[in-house]
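I opened my notebook and worked through the model one topic at a time. Here are my entries, in the order I made them.

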Amino acid sequence: MKKFLLSTFCALIFSVAILVSPVKAEESLGGYTLDSIDVKTVINNDSTFVVSETITGDFLGERHGLYRDIPRYYNTYKIIHKVMPIEVLSVTKNGVPEPYENISNGAYLTVKIGDPEKTFSGHFVYAIKYKVSNAMIYEKDGTVTWYWNVAEDKWDAPIMSVTSEVVLPDGSSQNAATCWGGWYSETGETCEISADKNSLTSSTVYNMTMLVNFQPAVSFYFPTQKEIIVTFLKDNWDWFFLLLPLLAFFILYGIWSKNGRDPKGRGTIIAEYEPPDNLSPFEISSLYYSGLKDSAVTATMIDLAVRGYLKIEELSGEVRWYKSLKYKLIKLKEVDSKLRDFEKDLLKKVFAEKPEVILAECRTEFVKARLSMDKLIWESLIEKGYVPSDPEKVRSWYLGFGGLAMVLAIMLGTAFIGIFERYFVAVGFGLIAVELFVFGAIMIRRTQKGTDTNDKIKGFKLFLTTAEKYRIQWQEKEGIFEKLLPYAIVFGVADKWIKTFAGLMQESPTWYVGTSTSFSFTSFNSSLNSFVQSSTSLTTPSSSGGGSSGGGGGGGGGGSW
């Protein structure tokens with residue numbers, strides 16, 4: 001499993017490195033001026049249009065040529081995409097055909113112009129002619145809108161002059177035309193439009209965006225509703241990644257219903273005055289919480305102390321640099337056959353052949369014992385028929401695949417967001433990761449015996465939580481306080497349990513030696529809480545709208561190489 005995840009992770013890094021690597025062989029270095037960009041746009045009756053750009057300027061040093069980044073998405077779209085197919089028809093330099101290369105660059109089509117074997121400097125006039133489809137905006141009332149960034153300040157040199165001529169389609173009737181110029185996102189009309197019978201002209205500096213609304217007319221091709229839907233789904237293919245978490249949910253829910261859901265229990269919970277099936281605190285904690293809790297390890301230590309295998313001694317002063325871990329564990333009996341495997345393991349690892357140890361100095365031993373007990377407890381519960389399999393192994397598989405989904409969300413999501421501005425790839429895999437984590441946590445199934453016993457455990461917890469209510473029924477039982485104290489620690493109700501016995505016991509437990517000469521339940525409760533917190537900290541392994549300049553489709557920029 002670990003090798004599989006590691007190899008997959010490495011493959012993802014390699015793949016994403018290829019995806020996000022620069023498309024251009026050389027970075028833009030500037031070294032040129034742009035005197036003007038003159039654009040002529042011919043709008044066709046089939047809702048396509050042809051753009052002819054004439055770019056005039058000077059290379060200040062030896063360069064191969066220019067590259068032109070033409071957007072293939074509308075700039076105003078982020079989550080919802082409108083893809084505009086670009087077809088380059090011709091490229092010339094100083095009136096002569098010039099070699100060029102079309103490079104798919106995510107949200108842009110990069111037209112790389114020039115011969116890599118040749119360079120030149122001085123004056124240039126480049127002409128780029130390309131056809132644009134699916135760029136018109138169709139309103140429900142039949143109005144068709146052309147909203148286009150004629151030029152943008154995304155070049156690495158300022159544009160000193162921008163002119164635009166728009167040739168309207170035959171038989172069209174234009175009812176509104178607006179032009180924005182200046183810096184990106186400026187909303188003021190800083191360029192004027194001159195209109196004649198079938199064309200519009202305007203000029204400005206730096207940027208230019210034009211918007212033309214055409215009245216409903218039969219001369220314009222208006223796509224059918226089916227064509228609009230098909231085009232939308234095609235343009236927004238990344239939305240299908242949102243179906244993956246939905247599909248994953250139904251699959252995981254089906255698996256959980258069959259393999260993770262407990263059988264039906266008895267339903268009614270009644271108070272139980274003894275641990276069901278004589279289960280230890282550690283077994284009850286694992287079966288009830290479906291996992292290992294740190295408090296269960298502490299409860300096991302106290303249970304062993306109550307049964308005479310060790311003594312807990314509170315020390316005065318400080319132990320080394322620790323201020324809160326002031327306890328000594330003294331071994332009283334050797335490991336014997338009366339102990340369960342995980343209890344033997346705890347004693348062997350903590351004491352390691354020593355007669356006594358300082359709690360503050362046993363972090364490594366406690367961590368090792370905790371990890372080992374986590375395996376042994378499930379072997380015990382499986383053998384006794386409470387669970388069908390080791391839930392920690394099941395959980396680790398789901399966590400592993402959830403981690404893989406999260407890696408995909410981060411790695412592929414970063415690539416698709418950075419290059420294509422597609423967000424739902426990351427969202428889809430991220431949701432799948434969350435689902436795997438959640439179902440992994442609940443994919444813990446008990447057998448019928450385990451479910452029935454767990455209902456009794458709930459009743460036992462009810463008894464410990466409301467002990468005062470049942471006090472008269474057990475106060476005469478010998479050793480009940482010490483015997484059930486570890487279970488109260490497991491359920492987090494030790495304070496209530498101790499408070500219930502205040503006034504009933506006058507002698508200190510033989511397995512706990514405090515610093516005070518006289519026994520006090522208040523003092524004992526405080527010391528025990530401190531010990532529980534100290535030992536628990538040791539068992540936890542450490543880890544680590546409208547319109548504006550630049551608001552339409554088209555535009556983009558470029559540079560030299």
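Which residues in α6 meet which residues in α7? Before answering, I noted the ground rules: this is a predicted model, in which local features need pLDDT of at least 70, side-chain atom pairs count only at pLDDT 80 or more, and totals for chains, interfaces and linings use all residues. Residues are numbered from 1 along each chain as its sequence is written, and side-chain values use heavy atoms, with hydrogens and water left out.

**Entry 1: α6 and α7**

I took helices (H or I, at least four residues) and strands (E, at least two) as DSSP runs, numbered from the N terminus. Contact here means heavy atoms within 4.5 Å. On the α6 side I found Asp-341, Phe-342, Asp-345, Leu-346, Lys-349 and Val-350. They meet Glu-365, Phe-366, Lys-368, Ala-369, Ser-372, Met-373, Leu-376, Ile-377 and Ser-380 in α7. I sorted the residues of this contact into 8 nonpolar, 2 polar and 5 charged. For that sorting, Ala, Val, Leu, Ile, Met, Phe, Trp, Tyr, Cys and Pro count as nonpolar, Asp, Glu, Lys and Arg as charged, and the others, Gly among them, as polar.

Next I looked up the geometry. The axes of α6 and α7 come within 9 Å and cross at roughly 170 degrees. That makes α6 roughly antiparallel to α7. Axes are lines fitted to C-alpha atoms, for helices over the stretch in contact, and angles run from 0 to 180 degrees between N-to-C directions. Angles under 35 degrees count as roughly parallel, over 145 as roughly antiparallel, 65 to 115 as roughly perpendicular and the rest as oblique.

**Entry 2: α5 against α7**

I then turned to helix α5 (residues 294-306), whose axis comes within 11 Å of that of helix α7 (residues 363-383), with a crossing at roughly 105 degrees. This puts α5 roughly perpendicular to α7. Asp-294, Val-297, Thr-300 and Met-301 in α5 meet Phe-366, Arg-370 and Met-373 in α7. I counted 4 nonpolar, 1 polar and 2 charged residues in this contact.

**Entry 3: two loop residues**

I checked Val-335 in the loop between β18 (327-331) and α6 (341-351). At 30% relative accessibility, Val-335 counts as partly exposed; buried means under 20% relative accessible area, exposed over 50%, partly exposed in between (1.4 Å probe, protein chains only). Leaving aside neighbours within four places in sequence, Val-335 is in contact with Lys-344, Leu-347 and Lys-348. The C-alpha atoms of Val-335 and Leu-347 are separated by 7.4 Å, and the two residues are 12 residues apart along the chain.

My other pick was Asn-236, in the loop between α2 (225-235) and α3 (243-260). Is Asn-236 buried or exposed? With 2% relative accessibility, Asn-236 counts as buried. Not counting residues up to four places away in sequence, Asn-236 touches Ile-79, Ile-80, His-81 and Arg-422.

**Entry 4: aromatic rings**

How many aromatic pairs does a search of the whole structure find? I got 26 aromatic pairs. Rings of Phe, Tyr and Trp (its six-membered ring) pair if their centres lie within 6.5 Å; planes under 30 degrees apart count as stacked, over 60 as edge-to-face and the rest as tilted. Phe-124 and Tyr-126 have ring centres 5.3 Å apart and planes at 45 degrees, so the pair is tilted. Phe-124 is buried at 0% relative accessibility, and Tyr-126 is buried at 0%.

The rings of Tyr-253 and Trp-256 also form a tilted pair, with centres 5.7 Å apart and planes at 40 degrees. Being 3 residues apart in helix α3, Tyr-253 and Trp-256 are separated by about one helical turn. Tyr-253 is partly exposed at 38%, while Trp-256 is buried at 18%. I also noted one aromatic cluster formed by Tyr-273, Tyr-288, Tyr-289, Phe-460, Phe-463, Tyr-487, Phe-491 and Trp-497.

**Entry 5: positive phi**

Most residues other than glycine have a negative phi. I flagged Asn-94, whose phi is near 55 degrees. Asn-94 lies in the loop between β4 (86-93) and β5 (96-97) and is partly exposed at 44% relative accessibility.
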